[in-house]
Amino acid sequence: MSRLNTHGKQLVLTSIAIAATLSCGAAFAQESTTLERVEVTGSNIKRVDAETVSPVQIISREQIERTGQPTVADVLRNLPSNTGSLGESFSNSFAPGAAGFSLRGLGQKTTLVLLNGRRVAGYGFAQNLQDTFVDLNSIPSAAVERIDILKDGASAIYGSDAIAGVVNIILRKDYRGFDITASKGFYEGKGDYRVTAAGGLGDLSTDGFNVFGTIDYYKREELLQSDVEFTESRDFRKYAGGRNFQSLTAGGTWRQVTATGGNTSIFRAISDCKGKVMTGPEALAAGLIDPNTQAAFAAATNTFCTLDQNGQLSALPGTERIGFLGRATKVFSPNATGYVELGLSRADTEQTFTAPSFATTALKKLSPTAWQPFTYNVTFAPNVAGNPMGADARYTGSLNDMGTRDAKIRSDATRVLAGVNYSIGSWDLDSGVGFSRTETKQDNLNRLSLPGVSAAFGVGTGLQPPIPRSTGSTYNLDKWTTNSDAVRDSIRANFDRKSTSEMQFIDTKANTTLGAMPGGDIGLAIGAEYRSEKLKDSPAKIADDGNVLGQGITATDGKRHNYSVFTEVSMPFTKKLEVQAAARFDKYSDYGKSTTPKLGAKYKAFDGLLLRANWGKGFRAPTLPEISPSSATFFTSVIDPQDSQVRQVSGVFKGNPGLQAETSTSTTFGAVFEPTKNFNIGIDFYKIDWRNVVASRSLQDIINDSCPTPPPAGNTDPTKNCPSTADIIRDGNNLVATIMSQYQNLAQRKTSGIDIDSTLRVPTSFGKFTFRGNLIYVSSFKEDGEEYVGTNGGSNTIPRIRAGFTTDFDYGPWSITGGLNYTHKVRQTLLPGSYTSVYDPTGKYQNGAYPEFVRSNTTFDLYGRYNITKKLQASVSVLNVFNRMPPYDPGFSSTSLYDFSLYDTRGRQFRATLKYSM
């Protein structure tokens, strides 16, 4: 009943908006003014006044250039409003090679990214297994005219995904002439290269046409963690609370086992150690052995093949991208202008990960939907080739002679758009039809084939957990140099993962004025859109069959269509008061329908002071991985209530056709103070209540619910307590193998804060100064009622304060910009309060406790440009002038040891650019 009531209220608001439009048009109809009107982000109504009721941040082409950043993704990454986006530094991502945008820390799936106000197909792979998003790397930077960021929920204007706001990337519409730009960046001994060119001809006013094209080429060399000052060594004891993250046995170490297969504390480094051989006391002194819980490991007779794996991990993957945007515009008549756009891009990404691990997880397929994971950790008898222990032993570590596990990702994006702007009577219309497609392929190299490894180590094909036993080995684990390429190739698995994301649409929107009110013309916009979407993510057969060691699986095959109608009215009741009402109705073929209203108002209290307020409903349609036939299989551990034992299981997240849309209520109110034309400051308070968030239940909760009565200690018949169910699959011994969790509308998130944006221009006799500042203060960020603001413990790290300040100086041919970026400290809540380690004899740091806070971070950038001639321009930039390293945060990622959703690990960067125009 409550849902019907809410839906009814939304329909009433829609009716009010339409009725107000018609009644006002009848009451105040009169001749329209002829002032030129333009459409701005956040409204479908063309207007003379660019200051809408909603807060919009505009980043011009000039501002983009003066950041010194090479790509659109890099520019957006540094914005204070972007919190929780996952870029290319996330090398272990389910969506590698891509970069998204996350407003308000609510995640990439709640920020709608548009090109010229229209949607494009998302990236082929879903982030976090379920979140679809637009890859910013697919947008050629040379084609961008400006970026508008609407920091307000806008589902009533643009539809789904606009819960947190909208990023509208405005591309060039016409261009005459020719320009070419070349730049080179330097950092950490590596660099990047960028070449762009643009050319166009034809004047719309005199020739009646314009044709132009831009091409953008960018290449960046891969940075390994060993190349970067921050992770030059994984010994982080130099940081307060830091510890040594080098791997004790990754280089390869033998461990003797008992006759019954139990572990002992007798270790021996392999003969072909590619790392550093350490004795037990040396490993203890290096902080690699816990003196309390692993004291037996430190025996003087033990040796370990330790390895600092930073030479096997990408800090920033290598990439090569080329993008093209072409547009042709033709004036057919004074009332009709047609346009065609073509966008093409290709992005190749290469990233490096650690060598394949031998003692790792394998999958035994029990059914088409269930896999039993077990640790593939072979026991070798003393007579088996390679075992030097003189007793039963196991090998622990990586197969470093196999090389690293690399990934090559290619993403091809195509976008075609045709449309016409035309007038019919007093109506201005824009109708278009478009198609966009992203094809993504990930080549996974140097994984281990389960059949190949089993054959090489003589364990047969009938594997049974928990421990396979070797009867003879053709692969020598102790002396890698004796292994031939043919032997290595016999255990190697190279395979791909492919995905295609596709979108087609046809839309029309119309603007007019319905007479006037005392404050001016009444603006009306109406429109309709039809859109179809497809997503197909296909795993390779070898992975789907469970024949790759340590490999998760994702698969999606979904499609849907939707149509929507929308209306918006702007009512200037007086010269000071304007009210905006909007409503949108969307119907999807899979989950159903949504009606979203929005009301806003702005009030000019006096010259120089504008007050504004907005209230609106929002929705996000479930993504295709969430609602369509899909599955994602991964490895995790749970405690089985039937015997209180830790079990490694395969988890499966499955799509749910019964999902409903996520919903939200957003409110903003604030003021813009502009006492002079050279100074303005905007202060806006925002609050977003996001409900019915799609998530999956904890696997531990699922298995706990399946065993309502835990069995007593020593239970001899566990089958009576925890049988197999639809969600929990057990093997013949009643050991849990697979737990299935279906996506559900489970969670709720609420956030609120203050957004401050200001500009001050100071003209002087020796040049013009422009000061800009943007500061975000987050007062609250709750997930299911628990407060996470100022911590790294929620779904994203949420600093209370992020800010950016720039100072521009222009004098004649000279232009200089200085930029300051600040991120406030956060409380470290992801890790336990303390750990046991070794006293540092220098006394510089007392190890033993993780830091209570992840420190704040401040960086300073410089940009300088000189116009050598009217046609030739040179510029240089230095990013992170003082070479500030990211804050140490082992809780965010034990691989990267810093929060790559917020920071760049490259340290100081230099870039030089030349531009020629004619």
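Predicted model: local features only at pLDDT ≥ 70, side-chain atom pairs only at ≥ 80, totals over all residues.
Visitor: What does the protein chain average in pLDDT?
Guide: The average is 86, and 90% of the residues score at least 70. pLDDT is the predictor's confidence in each residue, from 0 to 100.

Visitor: Which elements have the lowest and highest mean pLDDT?
Guide: Helix α1 (residues 2-28) has the lowest, at 36, and strand β41 (residues 872-879) the highest, at 97. Helices (H or I, at least four residues) and strands (E, at least two) are DSSP runs, numbered from the N terminus.

Visitor: Where does pLDDT stay under 50?
Guide: One such stretch is residues 1-35, for which the model has 39 contacts beyond four places in sequence. Another is residues 834-847, with 30 contacts beyond four places in sequence. A contact means heavy atoms within 4.5 Å.

Visitor: Changing topic, how many disulfides does a search of the whole structure find?
Guide: The search finds two, a disulfide being a pair of cysteine sulfur atoms within 2.5 Å. With bonded cysteines counted along the chain, the pattern is 1-2, 3-4.

Visitor: What does C273 join, and what is the handedness of the link?
Guide: C273 is joined to C305, with an S to S distance of 2.1 Å. The link of C273 and C305 is right-handed, with 90° about the S-S bond. C273 lies in the loop between β10 (263-269) and β11 (276-279) and C305 in strand β12 (residues 303-306), so the pair ties together parts that are 32 residues apart in sequence.

Visitor: Are those cysteines buried or exposed?
Guide: C273 counts as buried at 19% relative accessibility, and C305 counts as buried at 0%. Buried means under 20% relative accessible area, exposed over 50%, and partly exposed in between (1.4 Å probe, protein chains only).

Visitor: And how far apart are the sulfur atoms of C707 and C722?
Guide: The sulfur atoms of C707 and C722 are 1.7 Å apart. Both cysteines lie in the loop between α10 (699-706) and β32 (728-730), so the pair ties together parts that are 15 residues apart in sequence. C707 and C722 are buried.

Terms used
Residues numbered from 1 in each chain as written. Heavy atoms only, no water.
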